[in-house]
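This report goes through a predicted model.

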Amino acid sequence: MSTMATPTGPRQAQRIEMMGCYVDNLSMEDTLQTIEGFIASGQPHQHVVVNVDKLVKAQKDPELRRIINECALINADGMPVVWASRLLGKPLKERVAGVDLFDALMGRAAEKGWRVYLLGAKEEIVSKVREIYAQRYPQLVFAGHRNGYWKPEQEQQVVDEITAARADLLFVAISSPKKEQFLGAYQAQMKIPFAMGVGGTFDVFAGKVKRAPVWMQKSGLEWFYRFLQEPRRMFRRYFIEDMAFVRMLAKELRRR
């Protein structure tokens, strides 16, 4: 078993361990209330979701596993993770999908007056997401936005820009493990009360990628719907790399 950081904070009692990673056993409403507390505190907190792909990556990447386990809030995004938790005798309340959490937080930010910063994706995508939410919630306050493309020597400038924007919420739409590494390296410096990696979420709300029907989401087939849209890009991830999850689960079950 890998060495993991000791969980801290008010949600310690609800935190379970799966395949070397912690997961907080929270519903969507529990999660939103926890985030509200983070923002009220004014202190920096990092959020992460774990799905099959991230659990597989974390098994091979100790640094990614460390970043995940040190996050203040860790949600399960993926029905296979929820099903695995039940098989392991540590049943999670529900899946808290990152795309749904992002959408809920944008609505709550408009209601509470929280300042939002959008980081990542192509310029036309992130600009469109900002425009869509500005129309949906005219009172929503944007601290700023920036695309997800910069050279290594520009990274500190990006961090300085985000810090100066004084956001309450930062959503980072770049791929894993880059977004986890970026937040792990700079979140304390940026001092944002809640920072969350959202992966391809901006592509969904901008209309570039369609989200699976609700029945597919609930039956754990959202990944297959994604594969059908981008088969060349997603084949290796879903049919080669993520197959390791089955072996990892079998190993955990043998330990019981």
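## Cysteines

A residue counts as buried when its relative accessible area is under 20%. By that cut-off Cys 71, at 3% relative accessibility, is buried. Cys 21 is buried as well, with a relative accessibility of 0%.

How many disulfides does a search of the whole structure find? The search returns zero. A disulfide needs two cysteine sulfur atoms within 2.5 Å. The cysteine sulfur closest to that of Cys 21 belongs to Cys 71 and is 10 Å away, which is too far for a bond.

In soluble globular proteins, nonpolar side chains tend to be buried together. In this model the largest nonpolar core has 32 residues, and the members that touch the most other members are Leu 118, Phe 171 and Phe 202. At least two residues of this core come from each of helix 1 (28-41), helix 5 (98-112), strand 5 (115-120), helix 6 (123-136), strand 7 (169-173) and strand 8 (194-197). Helix 5 supplies the largest share, six residues.

Leaving aside residues up to four places away in sequence, Leu 118 has contacts with Phe 102, Met 106, Val 126, Val 129, Phe 142, Phe 171 and Phe 202, among others. The list of residues that Leu 118 touches also includes Arg 130, Gly 144, His 145 and Arg 146. Another core, of 25 residues, lies apart from the largest one, and its members include Val 52, Ile 74, Ala 76 and Leu 249.

## Nonpolar surface patch

Which residues form a nonpolar patch on the surface? They are Trp 223, Phe 224, Leu 228, Phe 235, Phe 239 and Ile 240, and together they have about 530 Å² of accessible area. Two elements give two or more residues to the patch, helix 11 (222-229) and helix 12 (231-239). The most come from helix 11, which gives three residues.

Phe 224 is located in helix 11. Its relative accessible area is 31%, so Phe 224 is partly exposed.

## Backbone features in loops

The peptide bond that joins Ser 176 and Pro 177 is cis, with omega at about 5 degrees. Pro 177 sits in the loop between strand 7 and helix 8 (178-190).

Positive phi values in residues other than glycine occur at Ala 121, where phi is near 65 degrees, and at Arg 166, where phi is near 55 degrees. Ala 121 belongs to the loop between strand 5 and helix 6, while Arg 166 belongs to the loop between helix 7 (155-165) and strand 7. Are these residues buried or exposed? Ala 121 is buried at 13% relative accessibility, whereas Arg 166 is exposed at 58%.

## Salt bridges

There are 20 salt bridges in the structure. In one of them Glu 222 pairs with Arg 95, with 2.8 Å between the closest N and O atoms. Glu 222 is in helix 11 and Arg 95 in the loop between helix 4 (79-87) and helix 5, so this pair ties together parts that are 127 residues apart in sequence. Glu 222 is buried, with a relative accessibility of 17%.

Glu 222 also meets Arg 211 in a salt bridge, at 2.7 Å from N to O. Arg 211 lies in the loop between helix 9 (201-205) and helix 10 (214-218), so its bridge to Glu 222 in helix 11 ties together parts 11 residues apart in sequence. Arg 211 is partly exposed, at 22% relative accessible area. A further salt bridge joins Glu 230 and Arg 233, with an N to O distance of 3.3 Å. Glu 230 is partly exposed at 22% relative accessibility, and Arg 233 is exposed at 55%. Through shared partners, salt bridges join Asp 77, Arg 95, Asp 100, Arg 211 and Glu 222 into one network.

Terms used. Residues numbered from 1 in each chain as written. Predicted model: local features only at pLDDT ≥ 70, side-chain atom pairs only at ≥ 80, totals over all residues. Heavy atoms only, no water. Core = buried A, V, L, I, M, F, W, Y, C linked by side-chain atoms within 4.5 Å. Buried < 20%, exposed > 50% of the residue type's maximum accessible area, 1.4 Å probe, protein only. Helix = DSSP H or I, 4+ residues; strand = E, 2+ residues; numbered from the N terminus. Contact = heavy atoms within 4.5 Å. Patch = residues over 30% accessible without salt bridge, like charges linked within 9 Å, V, L, I, M, F, W, Y side chains within 5 Å. Areas by Shrake-Rupley, 256 points an atom, 1.4 Å probe, with all protein chains shown as cover. Salt bridge = Lys/Arg side-chain N within 4 Å of Asp/Glu carboxyl O.
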